[in-house]
Amino acid sequence: MCGIIGYVGGKQATPFLLEGLRRMEYRGYDSAGVAVANGGAVVTCRAAGKIARLESALAATPVHGTVGVGHTRWATHGPPTERNAHPHASADGTVAVVHNGIIENANALRAVLQGKGYEFRSDTDTEVMAHLVQELFEGSLEDAVINALREVEGTYGLAIVSSRDPGKIVAARKGSPLLIGIGDGEHFLASDASAILAHTRQVVYLDDGDVAVVQADGYRVLDRDAAPMSRRVEKIDWDLSAIERGGYAHFMLKEIFEQPQTVENAMRGRLIVEDGTSKLGGLNLSHEQLMAIDNIIITACGTSWHSALIGEMMIEELCRIPVEVEYASEFRYRNPIVTDRTLCIVISQSGETADTLAAMREAKRRGARTLGLVNVVGSTIAREDDGGIYLHAGPEIGVASTKAFTSQVVALALFTLKLARKRGLSVTRGIEFAKALAALPGQVREVLDRAEQMEHIAEEFKRSPNVLYLGRGVNFPVALEGALKLKEISYIHAEGYPAAEMKHGPIALIDEMMPVVFVAPHDAVFDKVVSNVQEVKARKGTVIAVTSRDEPALAGLLDYEFRIPETVDLLMPVLASIPLQLLAYYIAVKRGANVDQPRNLAKSVTVE
Ligand code: F6R
């Protein structure tokens, strides 16, 4: 959600800023802008809409200079217009600010600044920071920023340039990620490693409370009292191909097709088939601590919340430990029962989702141990949890989450296996589960080999105004996930329901116009699902079913069928979710929707 880029070095800044913004466009794409320190002045160029609009504006009116910051925005305060686009300049034009996050006391600060004669030109909370830095400027830019931050409440990733202290970018982080990229005679600043990967792999992740001074020949990290801090240089271990489309029409399609590999990567070096268990290096949970867990809370948002529901069923089934799944946004404002024998599992692709991060902090505050299932290495949740399991799915650029979901389910399965074996699961059952996990990458490949079938099915439903998704047991969350995928990228209204719950209301919606997607592999509740299919057919609904074998009981009941391979019941979601990803993708493409940048959405929701 929103992206920040900065460049300081010996070359023109604008091309670096634009390239970084293009690479981060998936984080926010309703407006963008750059500010470049150009001799005695800071020149700003902004545009509403996609980065391409900013590029045209810059082509018409180029800005020159070797220090600059840029921003791509997902609007929170004020509509996505040019005047609300970042960077925001101070009243005298000497300071330009880009900001991710929310300044919570912006109204109060605005009133004080207006009282001093400052005129505001935007509806944003960010603009107060620009005026505040101007107001408090004496000495260096970093001193002014540190003084300004003393007045500010809220969250921020900030990058600021000023003509009064040229040759540097001052950055500050609290609750919104920022990293410094180390180049040769040049340095970068970014909210997202993908923005600078083409130029360097050496990065320094800033911590909350850090203020950084970034210059061509070096950088310094300070604390909020300007005392120097030391931060480790880390290496980004994926390469440029991971963040490029590589011949696919969309990132989402590329990421769907990466799943044989990403599912395998999630297990690599961790699954011990012969012992029917797993080895998870980053858990930081001793045998005694694993044995002492009384209950587990899993908290997450969106797609990650769906994988949490699957995790709940796995853990309860195999470990016999009570599990509760909570939307992170609800958990953080409740009064949940947490003890020092509670394990709180936090699931997040980005590792930056504001609600999930806050829920994790709340669980910690109440005494729980926290375990993060995170994809983005070095992200805030990964840095703050007590232990973690990285998903190793590689960067997920498509706004709709796909490969991260299946990797989350696999990571949950690995954790379940380890815990279950400690808590009494027999080695025979452990080996059976481990073998099923090991077979998944090949089975995912088999599903993808049939993608074309789903493309044909999608053709039939591209004009449907509504779609219902039904599943039972562990496939109910798959139905929820299928519905979420469809609605977010195609804008078709879709609902996921437990198949039997349909009778208690949604069945009223069923007529010949209503397609119903059943997630109906052959599992322990299959016979029950058949009854639900019959209920839909009796009301003339159109049935699309994801099945796993020839089912005489379904003869004559299905309008469309997509076959997936069989695995143990608890792992079915990994295979069953993929056809639904494909269905959503193809429907959205056929409707002409922008699949990688759906309206109103952005990757990584870093505001409440
Ligand atoms: C849906 C989607 C979102 C995210 C949610 C949580 O396709 O991507 O629902 O799953 O915003 O994001 P993370 O997992 O980054 O915490």
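Asn 600 is exposed, because its relative accessibility of 63% is over the 50% cut-off. The structure is a predicted model. Asn 600 belongs to the segment after α18, and its phi is positive, at about 65°, although the residue is not a glycine.

**The segment after α18**

- Asp 596, like Asn 600, is placed in the segment after α18, a helix that covers 572-590.
- Is Asp 596 buried or exposed? Asp 596 has a relative accessible area of 9%, so it counts as buried, for which the value must be under 20%.
- Asp 596 and Met 252 are 344 residues apart in sequence, yet their C-alpha atoms are 6.2 Å apart in space.
- Leaving out residues up to four places away in sequence, Asp 596 touches Arg 245, His 250, Phe 251, Met 252, Gly 398 and Val 399.

**The five-stranded sheet**

- In what order do the strands of the open sheet follow one another? The order of the five strands is β19-β18-β20-β21-β22, and their pairing is parallel.
- At the edges stand β19 and β22 (387-390), each of which pairs on one side only.
- From one strand to the next, the twist averages 20°.
- Strand β18 (residues 295-300) is paired with strand β19 (residues 323-327) through five bridges, in the parallel sense.
- Between β18 and β19 the chain passes through helix α9 (residues 302-319), and this β-α-β crossover is right-handed.
- Ile 298 stands opposite Ile 345, a residue of β20.

**Helices on the sheet**

- Helix α13 (residues 403-422) packs on the sheet and touches β18, β20, β21 and β22.
- The direction of α13 makes about 160° with that of β20.
- Helix α11 (residues 354-365) lies across β18, β20 and β21 (369-374).
- The angle between α11 and β20 is about 165°.

**Helices α1 and α2**

- Helix α1 (residues 13-23) and helix α2 (residues 51-60) have axes that come within 10 Å and cross at roughly 165°.
- Angles over 145 degrees count as roughly antiparallel, so this term describes α1 and α2.
- On the α1 side, Thr 14, Leu 18, Leu 21 and Arg 22 take part in the contact. Their counterparts in α2 are Ile 51, Leu 54, Glu 55 and Leu 58.

**Helices α4 and α5**

- The axes of helix α4 (residues 127-135) and helix α5 (residues 141-151) come within 8 Å, and the crossing angle is roughly 125°.
- The crossing of α4 and α5 is right-handed.
- Which residues make the contact between α4 and α5? From α4 they are Met 129, Leu 132 and Val 133. From α5 they are Leu 141, Ala 144, Val 145, Ala 148, Leu 149 and Glu 151.

**A buried glutamine**

- Gln 259 is part of helix α7 (residues 259-267).
- The relative accessible area of Gln 259 is 0%, under the 20% limit, so Gln 259 is buried.
- Apart from neighbours within four places in sequence, Gln 259 is in contact with Glu 264, Thr 402, Lys 403, Thr 406, Val 444, Ile 578 and Gln 581.

**Backbone features in loops**

- Which residues does a cis peptide bond join? The bond links His 86 and Pro 87, with omega at about 0°.
- Pro 87 sits in the loop between β4 (67-73) and β5 (88-89).
- Asn 284 is a residue other than glycine with a positive phi, near 55°.
- The loop that holds Asn 284 runs between β17 (277-278) and α8 (287-291).

How values were computed:
Residues are numbered from 1 along each chain as its sequence is written. This is a predicted model: local features need pLDDT of at least 70, side-chain atom pairs count only at pLDDT 80 or more; totals for chains, interfaces and linings use all residues. Side-chain values use heavy atoms; hydrogens and water are left out. Helices (H or I, at least four residues) and strands (E, at least two) are DSSP runs, numbered from the N terminus. Buried means under 20% relative accessible area, exposed over 50%, partly exposed in between (1.4 Å probe, protein chains only). Contact means heavy atoms within 4.5 Å. Two strands pair if DSSP finds at least two bridges between them. A crossover is right-handed if, with the strands pointing away from the viewer, the path from the first strand over the helix to the second runs clockwise. Axes are lines fitted to C-alpha atoms, for helices over the stretch in contact, and angles run from 0 to 180 degrees between N-to-C directions. A crossing is left-handed if the near helix is turned anticlockwise from the far one by less than a right angle, and right-handed if clockwise. Angles under 35 degrees count as roughly parallel, over 145 as roughly antiparallel, 65 to 115 as roughly perpendicular and the rest as oblique.
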